[in-house]
Amino acid sequence: MILTVIIGNTNSRLAFFEGQCLVRSRVVPTSRLEQVLANLRLSSKITGAAVASVVPKKTLAVYRALSRQVRTMLFNSRTGVPIRVHYNRRLVGADRLCAAAGAFSCYHQDLIVIDFGTAITFNVVKMPGVFLGGPILPGAQLMLNGLAAGTGRLPRIDFYPRSRVLSRQTGPAMQSGVFFLLVGGIKLILSRITSEAGLQSPLVIGTGGGIRHFVRHFREIISIVDQNLASRGLAEIYYYNRRQNE
């Protein structure tokens, strides 16, 4: 059994795999990740671990904490991946490649992964397994924070999806503006990606904590929702590199 740790900007995911099979997973706030790992005692059944991070200031501390208990792979720009990457490896986020690798290993067809995290990323994989990158845009909360930070009177508020576009209050008006901008924009981006990349009926997979706000508007587009997609990809990458080194 192995442990994978995906360190995200807001939340991090710990997932245990027996071979390719997910045994269990847990989400913790990234701000508390080091404390959680300090109290984690891995059983002798855990034979390895893998870490992928988009938060540089957390990366080494987490890697060292796990390495004290089990042999650990730290995903970086030189780590081998089971897909071809047509993108600058030094710049692409580890979570994006993990999600792409996880999706392609599961479904093996043209596909687009939309990760609704702090930022929203589109991750395109074209047969026979070529990662093409994809657009990056601010998530809903980042947009609202930007409105508040860049204006004198607009308030700082939390995101909440709105069912109506029109509102008599400023806060709901900001929320509906951001929400319907993302709903319409995401549909347009998917259409442009499919055309530009020449994808054949791509499978669209949603992941990330923010997807719960949008999924009912994308039922005809997003076929699968998988919150463990990046973890599956990191496990796949771990086993791929272990096979390469045997």
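Select Lys187: this residue is partly exposed, with a relative accessible area of 33%. Here, buried means under 20% relative accessible area, exposed over 50%, and partly exposed in between, with a 1.4 Å probe and protein chains only.

This is a predicted model, where local features need pLDDT of at least 70, side-chain atom pairs count only at pLDDT 80 or more, and totals for chains, interfaces and linings use all residues. Residues are numbered from 1 along each chain as its sequence is written, and side-chain values use heavy atoms, with hydrogens and water left out.

**Stop 1: salt bridges**

Glu220 forms a salt bridge with Lys187, and the closest N and O atoms are 3.8 Å apart. Glu220 sits in the loop between β11 and β12 (224–225) and Lys187 in helix α5 (residues 170–197), so the pair ties together parts 33 residues apart in sequence. A salt bridge needs a side-chain nitrogen of Lys or Arg within 4 Å of a carboxyl oxygen of Asp or Glu. Helices (H or I, at least four residues) and strands (E, at least two) are DSSP runs, numbered from the N terminus. Glu220 is exposed, at 59% relative accessibility.

Stay in helix α5. Arg192 and Glu196 both lie there, four residues apart, about one turn of the helix. They form a salt bridge, with the closest N and O atoms 3.6 Å apart. Glu196 counts as exposed, at 64%.

Now pick Glu34 and Lys58. Their closest N and O atoms are 3.0 Å apart, in another salt bridge. This pair links distant parts of the chain: Glu34 is in helix α1, Lys58 in helix α2 (residues 56–67), 24 residues apart. Is Lys58 buried or exposed? Lys58 is buried, with a relative accessible area of 13%. Glu34 is partly exposed, at 36%.

**Stop 2: a buried threonine**

Select Thr207, in strand β11 (residues 203–207). Thr207 is buried, at 5% relative accessible area. Leaving aside neighbours within four places in sequence, its contacts (heavy atoms within 4.5 Å) include Phe116, Asp226 and Leu229.

**Stop 3: helix α6**

Leu229 is also one of the buried residues of α6. Select residues 229–245. The 17 residues of helix α6 should span 24 Å, and its end C-alpha atoms are 25 Å apart, which agrees. The expected span is 1.5 Å times one less than the number of residues.

**Stop 4: confidence**

Colour by pLDDT, the predictor's confidence in each residue, from 0 to 100. The chain's mean is 95. Confidence is lowest in helix α1 (residues 33–38), at a mean of 92, and highest in strand β9 (residues 130–133), at 98.
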